[in-house]
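Let's walk through this model together, one question at a time. Have the sequence and the 3D view open as you read.

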Amino acid sequence: MINIEDTVQIAISTGGRSPAMARKIKLKAEKIFNDIIDKEDIYQIKLQKIARDMAKEKIPTITERKKFLYSVLNSNKIKQLLKEGNLQTAQKEMIRILGDWK
């Protein structure tokens, strides 16, 4: 199991055929995943969890909640805030978007 900041977990398995090879592949994959999953991704995951929980209370249908979550994911303003490491302000922007959601 590869664990990135207790937020992303990736399992490597050979289905029991070769635990030694699973470990070898895990070590290779861990380097790659640590390079491609950055802090912005981790912040986005954390923000999506908060947005999802809040959306369940306000948006009645799964389809509309999905649209809302993608709007948060694709918001250029939120992306920029997360890139700057400003999760708290990104959360306020997400709440503003949710408040405007119809």
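Buried means under 20% relative accessible area, exposed means over 50%, and partly exposed covers what lies in between. Keep in mind that this is a predicted model.

Q: Is Asp6 buried or exposed, and what is its relative accessible area?
A: Asp6 sits in the loop between β1 and β2. The cut-off for exposed is over 50%. Asp6 counts as exposed because its relative accessible area is 67%.

Q: Which loop holds Glu5, and what is its relative accessible area?
A: Glu5 is found in the loop between β1 and β2 (8-10). Partly exposed is the class between the buried and exposed cut-offs. Glu5 belongs to that partly exposed class, with a relative accessible area of 42%.

Q: What is the phi of Glu5, and what is the phi of Asp6?
A: Most residues other than glycine have a negative phi. Glu5 is not a glycine, yet its phi is positive, near 50°. Asp6 is not a glycine either, and its positive phi is about 55°.

Q: Where is Arg23, and how far in space is its C-alpha from that of Ile12?
A: Arg23 has its place in helix α1 (residues 19-36). At 51% relative accessibility, Arg23 counts as exposed. In sequence, Arg23 and Ile12 are 11 residues apart. From C-alpha to C-alpha, the distance between Arg23 and Ile12 in space is 7.9 Å.

Q: Which residues of α1 are buried, and what is included in their cover?
A: Helix α1 has 18 residues and reaches 25 Å from its first C-alpha to its last, close to the expected 26 Å. Its buried residues are Ala22, Lys26 and Ala29. What covers these buried residues of α1 includes β1 (2-4).

Q: How do the end C-alpha atoms of α5 compare with the span its residues should give?
A: Helix α5 has 14 residues, which should span 20 Å at 1.5 Å a residue. The computed distance between its end C-alpha atoms agrees, at 20 Å.

Q: Why do the buried residues of α5 line one face of the helix, and within what arc do they fall?
A: The buried residues of α5 are Ala90, Glu93, Met94, Ile97 and Leu98. An α-helix has 3.6 residues a turn, so residues three or four places apart point the same way. Seen down the axis of α5, the buried residues line one face because they fall within an arc of 145°.

Q: Which exposed residues are on the face of α5 turned away from its buried side?
A: The cover over the buried residues of α5 includes α2 (39-58), α3 and α4 (76-83). The face turned away from that buried side carries the exposed residues Gln88 and Lys92.

Q: At roughly what angle do the axes of α3 and α5 cross?
A: Two packed helices are described by the angle between their axes and the distance between the axes. The axes of α3 (residues 62-74) and α5 (residues 87-100) come within 11 Å. Helix α3 passes α5 in a right-handed crossing, and the angle is roughly 145°.

Q: Which residues of α3 and α5 make the contact?
A: By kind, the contact residues of α3 with α5 are five nonpolar, one polar and no charged. From α3 come Phe68, Ser71 and Val72, and from α5 come Met94, Ile97 and Leu98.

Q: Is Gln44 buried or exposed, and which residues does it touch?
A: Gln44 lies in helix α2. Gln44 is buried because its relative accessible area is 11%, and the cut-off for buried is under 20%. Leaving out residues up to four places away in sequence, Gln44 touches Val72, Leu73, Ile78 and Leu82.

Technical notes. Residues are numbered from 1 along each chain as its sequence is written. This is a predicted model: local features need pLDDT of at least 70, side-chain atom pairs count only at pLDDT 80 or more; totals for chains, interfaces and linings use all residues. Side-chain values use heavy atoms; hydrogens and water are left out. Helices (H or I, at least four residues) and strands (E, at least two) are DSSP runs, numbered from the N terminus. Buried means under 20% relative accessible area, exposed over 50%, partly exposed in between (1.4 Å probe, protein chains only). Axes are lines fitted to C-alpha atoms, for helices over the stretch in contact, and angles run from 0 to 180 degrees between N-to-C directions. A crossing is left-handed if the near helix is turned anticlockwise from the far one by less than a right angle, and right-handed if clockwise. Contact means heavy atoms within 4.5 Å. Ala, Val, Leu, Ile, Met, Phe, Trp, Tyr, Cys and Pro count as nonpolar, Asp, Glu, Lys and Arg as charged, and the others, Gly among them, as polar. The expected span of a helix is 1.5 Å times one less than its number of residues. The arc is that of the directions from the helix axis to the C-beta atoms.
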